[in-house]
Amino acid sequence: KQKTAYEVRLSLVGSEMCIRDSCMTAATATRATFRDYLELTKPRLSLLSVLTAVVGYFAARPPSDPLKFTVLLIGTSLAAGGVAALNQWMETDTDARMKRTEDRPLPSGKVPTGSAFVLGWLMCAAALFLLFAKVDRMAALFTLLTIISYLGWYTPAKRWSIWSTEIGAIAGAFPPLIGWSAGEGSVTALGWILFGILFFWQIPHFMAVAWTYRRDYAAVNFPMLPVRDETGARVAIWSLINTIALIIVSVLPVIMGLASKAYGVAAAGCGAWFLGRAIVFLRHDGRDLAARKLFFTSIIYLPLVLGALVADRLLIP
């Protein structure tokens, strides 16, 4: 069947548009800068993973070994950045539909998806090699567990499970064990306490974030608790429960004789402040503001408590 002149012209216009779009995509890819690739690794979130690994390392009170510590820093940085890049590669479609993430390097077209995939896996592979060969095999194992649990469990779970935040908290609690293994060669009670502190801290922290951006998450049908709980009552109660658990776990080092009373006072004081914010979050009126305050309190709480623990372990006999 012969095409009409109109159909021919329409076909030509369509072809021109495809060629133009391809050129625009290629041009966009060539404009990718170092800053775009750095943003792909989520440097602020990755820094948290690296710092908590460092906390685990020094809390183990290892003998001085500058080379091992340097390689630990490089390895954990590569792993955290690689996981972040692969996470964004897996979530390009949902990131493009949320206002808070639509300008990230992949949905905005600043970085090609193929480049993110290759870069992410290269960074993860390099991290595992360095940690296994130059630091400690158990540290490399916990790094591998972090990669698997974050990319293979947490990231897919965000699309189908109401427990995705808790699953993500498991993955996010592994870095102190990486550092502890690097410092001691095994994981003892205090290492697992650090794991517990990171796990329970993440729940109120991310509940506050998810409540603040619940409309974004609802837009992509993420079935997390702040999306399903329209009133926020269950979100606030769950945050409070985990804050209480966090305070209990944070004072265990004193109860078990692994830290001094000075650390206990610091942990209890910071915990009381955190608990107060979690209680205010229970109120229906002003819950949005309370969520933001709870989030900022969590950001300050963690370095204070972990810093106090490290200082106590290093400075007090």
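Reader: Does Lys42 count as buried, partly exposed or exposed, and what is its relative accessibility?
Author: The model is predicted, local features need pLDDT of at least 70, side-chain atom pairs count only at pLDDT 80 or more, and totals for chains, interfaces and linings use all residues. Residues are numbered from 1 along each chain as its sequence is written, and side-chain values use heavy atoms, without hydrogens and water. Buried means under 20% relative accessible area, exposed over 50%, partly exposed in between (1.4 Å probe, protein chains only). Lys42 therefore counts as buried, at 16%.

Reader: What is the phi of Lys42?
Author: Lys42 sits in the loop between helix 2 and helix 3 (43–59). Helices here are DSSP runs (H or I, at least four residues), numbered from the N terminus. Most residues other than glycine have a negative phi. Lys42 has a positive one, near 45°.

Reader: How are helix 13 and helix 14 oriented, roughly parallel or roughly antiparallel?
Author: Helix 13 (residues 233–255) and helix 14 (residues 261–280) pack with axes 9 Å apart, at about 175°. Axes are lines fitted to C-alpha atoms, for helices over the stretch in contact, and angles run from 0 to 180 degrees between N-to-C directions. Angles under 35 degrees count as roughly parallel, and over 145 as roughly antiparallel. Helix 13 is therefore, relative to helix 14, roughly antiparallel.

Definitions and conventions
Helix = DSSP H or I, 4+ residues; strand = E, 2+ residues; numbered from the N terminus. Parallel < 35°, antiparallel > 145°, perpendicular 65-115°, else oblique.
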